[in-house]
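Subject: Structure handover

Dear colleague,

Here is the structure for you to look at. My notes follow below.

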Amino acid sequence: GLPDRKGISISDAESDFYELFLAKTAPNVDLIVRVHHDRSLLDSEFKLLAAVGQQPSCGCAFIECLKADKHNKRSVELELRFKKVYFPIPSVLKWGQSTPQSAQKRIKAIHEQGQLGLYVVQAKEINAPVGVKPIEWTILTTLTVNNYWDALFAIQQYAIRWQIEIFHLALKEGCAIEKLQLEQQERLKKAIAI
């Protein structure tokens, strides 16, 4: 790795599982993951989505976002909320012997504590155009979120994911990369470079 560099791993809802957060061992790499599971929280009568939804708005911000056609952008006004949350750790976790030892140690230590602390940030679109489904993103992150600026930074980082979508769209539709059926990594690299 690059220990002198700071990194952020951004994932969509398919990465919303305990083990990913538990296995995070690189102190210079933070995680931002879109929420898929409305989990129970420690010391709260509410589940995750209700708990963050009850927080007061910390402010609004405009960001650029892809339209539904994935070819054009639109300006979106988002209202932000955030909260530090603690999850109980399930008694059974899905990780095997291939998990690095450093991650296994972290998983064991957090498992013994019985809780996992993360920050949740919710961004809801306000004043959406007529006929357009308003954006609503809820993310979990290992980034520290103590104020509006921290929440905005986390959402701006998550929004970068849409630029990756454009890159994938260009590969799939423009380059027809899936139709090439190149079975070797080197051949695929050359095709993408072209």
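Is Q115 buried, partly exposed or exposed? The model is a predicted one, and in it Q115 has a relative accessible area of 31%. That value lies between the 20% under which a residue is buried and the 50% over which it is exposed, so Q115 is partly exposed.

Q115 sits in strand β5. Beyond the neighbours within four places in sequence, its contacts are L42, Y86, F87, I89 and I110. Of these contacts, Y86 is 29 residues away from Q115 in sequence, yet the C-alpha to C-alpha distance is 6.1 Å. Three of the other names, F87, I89 and I110, come up again under the cores.

Strand pairing

Strand β5 pairs with two strands that I can report on. With β4 the pairing is antiparallel and runs over twelve bridges; within it, R81 has Q122 of β5 as its bridge partner. With β6 the sense is again antiparallel, over six bridges, and there K124 faces E136 of β6.

Nonpolar cores

The largest nonpolar core has 23 residues, and the members that touch the most others are L78, L80, V121, W137, I139 and I155. At least two residues each come from β3 (59–66), β4 (73–88), β5 (115–126), β6 (136–141) and α4 (148–159). The top contributor is α4, with seven residues.

As a general point, nonpolar side chains in soluble globular proteins tend to be buried together.

For I139, leaving out residues up to four places away in sequence, the residues touched are I32, V33, R34, V35, Y119, V120, V121, A154, I155 and Y158.

Cysteines

How many disulfides does the model have? The count is zero, with a pair of sulfur atoms required to be within 2.5 Å. C60 is in no disulfide, since the nearest cysteine sulfur, that of C58, is 8.6 Å away. C60 is partly exposed, because its relative accessible area is 34%, whereas C65 is buried, because its value is 4%.

Regards

Terms used
Residues are numbered from 1 along each chain as its sequence is written. This is a predicted model: local features need pLDDT of at least 70, side-chain atom pairs count only at pLDDT 80 or more; totals for chains, interfaces and linings use all residues. Side-chain values use heavy atoms; hydrogens and water are left out. A nonpolar core is a set of buried Ala, Val, Leu, Ile, Met, Phe, Trp, Tyr and Cys residues joined through side-chain atoms within 4.5 Å. Buried means under 20% relative accessible area, exposed over 50%, partly exposed in between (1.4 Å probe, protein chains only). Helices (H or I, at least four residues) and strands (E, at least two) are DSSP runs, numbered from the N terminus. Contact means heavy atoms within 4.5 Å. Two strands pair if DSSP finds at least two bridges between them.
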